[in-house]
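Let's go through it by question and answer.

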Amino acid sequence: MNHRLKFLFWGAFISFLGSLPPGTMNIMAIHISYKNGAAAGWIYAVGSMLAELLVVILALAGLRRLLRFQALLRWLEGLTLLLLLAMSAGSFYTAAQPPSYSMALQVPEGTPFWIGVFLSLTNPLHIPFWMGWTTLLLQKKRLKAGRRNYVFYITGIGIGTMAGFLVFIAGGPFLMLQFMKQAPVLHLSIGIALLVTALVQLYKMRTQSIQNRYGYLMPEGKSLS
């Protein structure tokens, strides 16, 4: 297999698995599909996917430049940490409520496409999720830094995201019933996952330098300066 097709495979594989745990994005896909039909669900999914790819592209391209402004980068990391903790607390609170409350997710006003774009752009998990996995892939030599390599990698992410949405849109009514039955457990699991992610982020911030955390973004042979 061509090595760049491997980059596409890893992006798709990780994105698909990352789309499966219940969260605001995929539960909203179920709500929209259940209320407005599968076509609206797919329009929502396309908006979500494009916004996610934009976040990943900006993260991969922009963090190199942000390395010159390390104080700003630390501030952004701190903001991400606070958002993760707030979302974790919100999930724990929701898990403690009756099932009818914990699944009372309202579909915002607007077209499904822009709802997907908005929710995806305001999802603070995209950056820590993809920076973490990108770090691991580069360290394990499953991915190589470079613009052309990232094109295949990001294309794979888009494919995997849409495949994940397929599961929730196709299984909308059935999954809606199951989520209503297990909503407290699902929200508790999400809260734990968010808390673990926040603690890992905090540990890296306290034990690793900026160079160690983001040096992998540079192609081999190039420095951070």
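Buried means under 20% relative accessible area, exposed means over 50%, and partly exposed is in between (1.4 Å probe, protein chains only). This is a predicted model, where local features need pLDDT of at least 70, side-chain atom pairs count only at pLDDT 80 or more, and totals for chains, interfaces and linings use all residues. Residues are numbered from 1 along each chain as its sequence is written, and side-chain values use heavy atoms, leaving out hydrogens and water.

Q: Is F13 buried, exposed or partly exposed?
A: Take the relative accessible area of F13, which is 37%. That value makes F13 partly exposed.

Q: What kind of pair do the rings of Y44 and F165 form?
A: Rings of Phe, Tyr and Trp (its six-membered ring) pair if their centres lie within 6.5 Å; planes under 30 degrees apart count as stacked, over 60 as edge-to-face and the rest as tilted. Here the centres are 5.8 Å apart and the planes sit at 80°. So the Y44 and F165 pair is edge-to-face.

Q: Is Y44 buried or exposed?
A: Y44 has a relative accessible area of 0%.

Q: What kind of pair do the rings of F9 and F13 form?
A: The ring centres of F9 and F13 are 5.7 Å apart. Their planes are at 15°, so the pair is stacked.

Q: Which residues do ring pairs link into a cluster?
A: The structure holds 6 aromatic pairs. Ring pairs join these residues into a cluster: F9, W10 and F13.
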